Amino acid sequence: MSRNLAKLNLRNIIFLLLGTLFVLLLYFILHNISYRKALYKTYTRVLYDHDNKTIITSKVSLKHLLAVSIDIAERGGVELKAVRKLVDVQKVISEKEDCSKINLDDDQLPRGENTEVKTMLESVDEKVLSEQIAVWVEPLDCFHEYKKNLLPCVATMVCVAVNGKPVIGVIHHPFQNLTVWGWVGHGITSQLKIGKTFFKEWTTEPEIVVSRTEARLGADFAARAFGGEETITLAGGEGFKLLQVLQGLVSAYIHLSFTKKWDICAGDALLQTVGGNVTTLKGKPISYAASDDVDNKGGLLATLFKHDFFLDKFKNV
């Protein structure tokens with residue numbers, strides 16, 4: 001019994017802290033939290049009639065939502081660092097927990113302004129109807145590595161989709177003190193060096209990153225496409241792998257099984273901001289509308305350059 005209580009208390013500590021990330025979003029997005037999906041439809045400027053359970057829509061400032069998303073991701077990172085210091089997360093049973101009973105009254109509202117965003121995008125803004133917005137949150141990417149104290153890939157991520165298309169992406173690496181944000185059509189943070197070159201040798205000897213969980217399967221898939229001349233890099237964390245593509249450190253990222261959309265939406269938005277692509281392995285764009293399935297079941301191909309080249313290579317594998 002004492003062992004069970006210890007596990008329960010540990011889990012409560014972990015998820016009360018991680019729940020802060022969700023809690024803060026609730027002030028800006030009106031909808032329920034469903035397990036760890038944290039998919040929301042609306043934002044603070046939506047007026048909610050609790051008596052009639054109806055939503056009165058209004059327009060939302062995407063610039064403001066970008067600043068809020070950055071703040072939420074960074075606050076989540078603070079909690080991850082605190083938890084890592086306080087408890088032995090090796091003993092955590094699951095990363096899924098019901099956060100519906102968390103008290104929201106004492107939480108501070110997120111900041112709606114960010115210095116870098118304000119400086120880079122001083123005269124830029126877009127306003128869209130709140131019902132067109134879906135927000136996807138990943139409070140702890142690279143969970144298994146986090147438990148093992150392998151921290152470089154650990155991230156919190158927030159993505160804003162409008163009519164199913166990812167338009168704002170934020171990936172925060174708390175243990176690297178790095179926050180990467182991008183807004184499609186407007187700009188990307190200066191805190192990360194973006195890849196500029198598709199190396200000539202990558203057409204015959206590409207460098208491809210795959211998930212550790214798909215090490216053998218991914219390597220075999222790539223070998224059948226490139227005849228064994230490719231270089232395979234194994235990594236954890238969807239956000240981490242997508243940032244490797246963004247930085248031009250690898251030529252492509254492939255994932256063969258299904259992925260959760262909260263894991264890939266932010267990286268998708270970031271890559272699209274600089275002209276890259278994220279699609280299924282058949283080349284189909286991934287939709288992130290609130291009404292969509294949370295699973296992306298068509299595999300994944302992410303590139304910064306020559307997306308069609310890789311699609312052609314993989315189409316007959």
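Trainee: How many disulfides are there in the whole structure?

Mentor: Two, from a search of the whole structure. Keep in mind that this is a predicted model.

Trainee: Which cysteine pairs with C142?

Mentor: C153 does, in a disulfide with the sulfur atoms 1.8 Å apart. C142 lies in the loop between β6 (133-141) and α4 (143-147), and C153 in the loop between α4 and β7 (155-162), so the bond ties together parts that are 11 residues apart in sequence.

Trainee: Is C142 buried or exposed? And C153, buried or exposed?

Mentor: C142 is buried, at a relative accessible area of 5%. C153 counts as buried too, with 7% relative accessibility.

Trainee: What is the handedness of that link?

Mentor: The link of C142 and C153 is left-handed, with -80° about the S-S bond.

Trainee: And what does C159 join to?

Mentor: C159 is joined to C265 by a disulfide, S to S 2.1 Å. This pair links distant parts of the chain. C159 sits in strand β7 and C265 in helix α7 (residues 261-273), 106 residues apart. Both C159 and C265 are buried. Their link is left-handed, with -50° about the S-S bond.

Trainee: What is the pairing if I number the bonded cysteines in sequence order?

Mentor: It reads 1-2, 3-4.

Trainee: Switching to charges. How many salt bridges does the count come to?

Mentor: Nine. One of them joins the side chains of D71 and R111, at 2.9 Å, N to O. D71 lies in helix α2 (residues 62-86) and R111 in the loop between α2 and α3 (115-120), so that pair ties together parts 40 residues apart in sequence.

Trainee: What about the cover on those two, D71 and R111?

Mentor: D71 is buried, with a relative accessible area of 2%. R111 is partly exposed, at 47%.

Trainee: Where is the partner of K260?

Mentor: K260 meets D295 in a salt bridge, 2.5 Å from N to O. K260 lies in strand β14 (residues 259-260) and D295 in strand β16 (residues 295-296), so the bridge ties together parts 35 residues apart in sequence. K260 counts as partly exposed, at 21% relative accessibility.

Trainee: OK, helix α6. How many of its residues are buried?

Mentor: Eight of the nine, so α6 (residues 238-246) is mostly covered; buried here means under 20% relative accessible area. Among the buried ones are L242, L243, V245 and L246. E238 and K241 are buried as well, and they form a salt bridge with the closest N and O atoms 3.4 Å apart.

Trainee: Why do E238 and K241 sit about one helical turn apart?

Mentor: Because they are three residues apart in helix α6. An α-helix has 3.6 residues a turn, so residues three or four places apart point the same way.

Trainee: What comes just after α6?

Mentor: G248, with a positive phi of about 75°.

Trainee: Which residues other than glycine have a positive phi?

Mentor: N149 is one of them, with phi near 65°. N149 is in the loop between α4 and β7. N163 is another, at about 55°. N163 is in the loop between β7 and β8 (165-173), and is exposed, with a relative accessible area of 53%.

Trainee: Last one. Which residues gather in the negative patch on the surface?

Mentor: E201, E205, E207 and E229. E205 is in the loop between β10 (187-188) and β11 (207-211), and is partly exposed at 40% relative accessible area.

Definitions and conventions: Residues numbered from 1 in each chain as written. Predicted model: local features only at pLDDT ≥ 70, side-chain atom pairs only at ≥ 80, totals over all residues. Heavy atoms only, no water. Patch = residues over 30% accessible without salt bridge, like charges linked within 9 Å, V, L, I, M, F, W, Y side chains within 5 Å. Areas by Shrake-Rupley, 256 points an atom, 1.4 Å probe, with all protein chains shown as cover. Salt bridge = Lys/Arg side-chain N within 4 Å of Asp/Glu carboxyl O. Lys, Arg positive; Asp, Glu negative; His and termini not counted. Charge placed at Lys NZ, Arg CZ, Asp CG, Glu CD. Helix = DSSP H or I, 4+ residues; strand = E, 2+ residues; numbered from the N terminus. Buried < 20%, exposed > 50% of the residue type's maximum accessible area, 1.4 Å probe, protein only. Disulfide = S-S within 2.5 Å.
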